[in-house]
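Colleague: I'm new to this one, so could you walk me through its charged side-chain contacts?

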Amino acid sequence: MPLRLVAAWEWQAPDFAPATGLGVSVPPSDLQRASAQHLLAQARSRVAEASSEVPIATDEIPGLPVPALLKAAEEAELLVLGSRGLSRTAGYLLGSVSQAVLASCERPVVLVRAAEHGEEEGPPEPSAREVTAAFGHRDVVLGLDLHKPDDAVIDFAFDAASRRAARLRIITAGRRRPTTTAAS
């Protein structure tokens, strides 16, 4: 299937005047667009190195990231969101885009953590290389609602884990009912 790489950006007025050179000023929106284009070119190059057979399209979408990604997902079979390789705390605080997209997206969403992380709090997790060496691929994690399980989501997770020869981890969450004990 073809792959569409998307970069969403919103123009913001700078806190300072744009740099000028030889009397020519570059509008901030042009700088932001050039940055998005550069990011997409880098991503396209990395994907092409990994798999030269996959057709790749790129698209810059001006606007807020969450609505832009949700709109892009409407035209896709699957939405994949990557992380920036930040520490756990920074990743949580800056992960609001992923959280908002997950909460609203009607397509399957896959979250992929960066292979290399900055300083981590607490004991370091094994690197992607160590996990791959031990298990073939990193784990596939399925967040499952036990009160409303979705067969399509479950099938997707099992298929993804099977194709990668990876472990499938299933995480559930819910409210516990209070338990009562009889006093003797």
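Modeller: In this predicted model, Glu-74 and Lys-71 both sit in helix α2, which covers residues 65–74, and they are three residues apart, about one turn of the helix. Glu-74 forms a salt bridge with Lys-71, and their closest N and O atoms are 3.9 Å apart.

Colleague: Is Glu-74 buried or exposed?

Modeller: Glu-74 is exposed, since its relative accessible area is 51% and the cut-off for that word is over 50%.

Colleague: OK, and how many salt bridges are there in the whole structure?

Modeller: A search of the whole structure finds six salt bridges. One of them joins the side chains of Asp-59 and Arg-4, at 2.5 Å from N to O. That pair links distant parts of the chain, with Asp-59 in strand β4 (residues 56–62) and Arg-4 in strand β1 (residues 3–9), 55 residues apart.

Colleague: How exposed are those two, Asp-59 and Arg-4?

Modeller: Asp-59 is partly exposed, with a relative accessible area of 27%, and Arg-4 is also partly exposed, with a value of 35%.

Colleague: Switching topic, what does Arg-169 pair with?

Modeller: Arg-169 forms a salt bridge with Asp-139, where the closest N and O atoms are 3.8 Å apart. Arg-169 lies in strand β8 (residues 168–172), while Asp-139 lies in the loop between α5 (128–135) and β7 (140–144), so the pair ties together parts that are 30 residues apart in sequence. Arg-169 is partly exposed at 44% relative accessible area, and Asp-139 is partly exposed at 22%.

Definitions and conventions
Residues numbered from 1 in each chain as written. Predicted model: local features only at pLDDT ≥ 70, side-chain atom pairs only at ≥ 80, totals over all residues. Heavy atoms only, no water. Salt bridge = Lys/Arg side-chain N within 4 Å of Asp/Glu carboxyl O. Helix = DSSP H or I, 4+ residues; strand = E, 2+ residues; numbered from the N terminus. Buried < 20%, exposed > 50% of the residue type's maximum accessible area, 1.4 Å probe, protein only.
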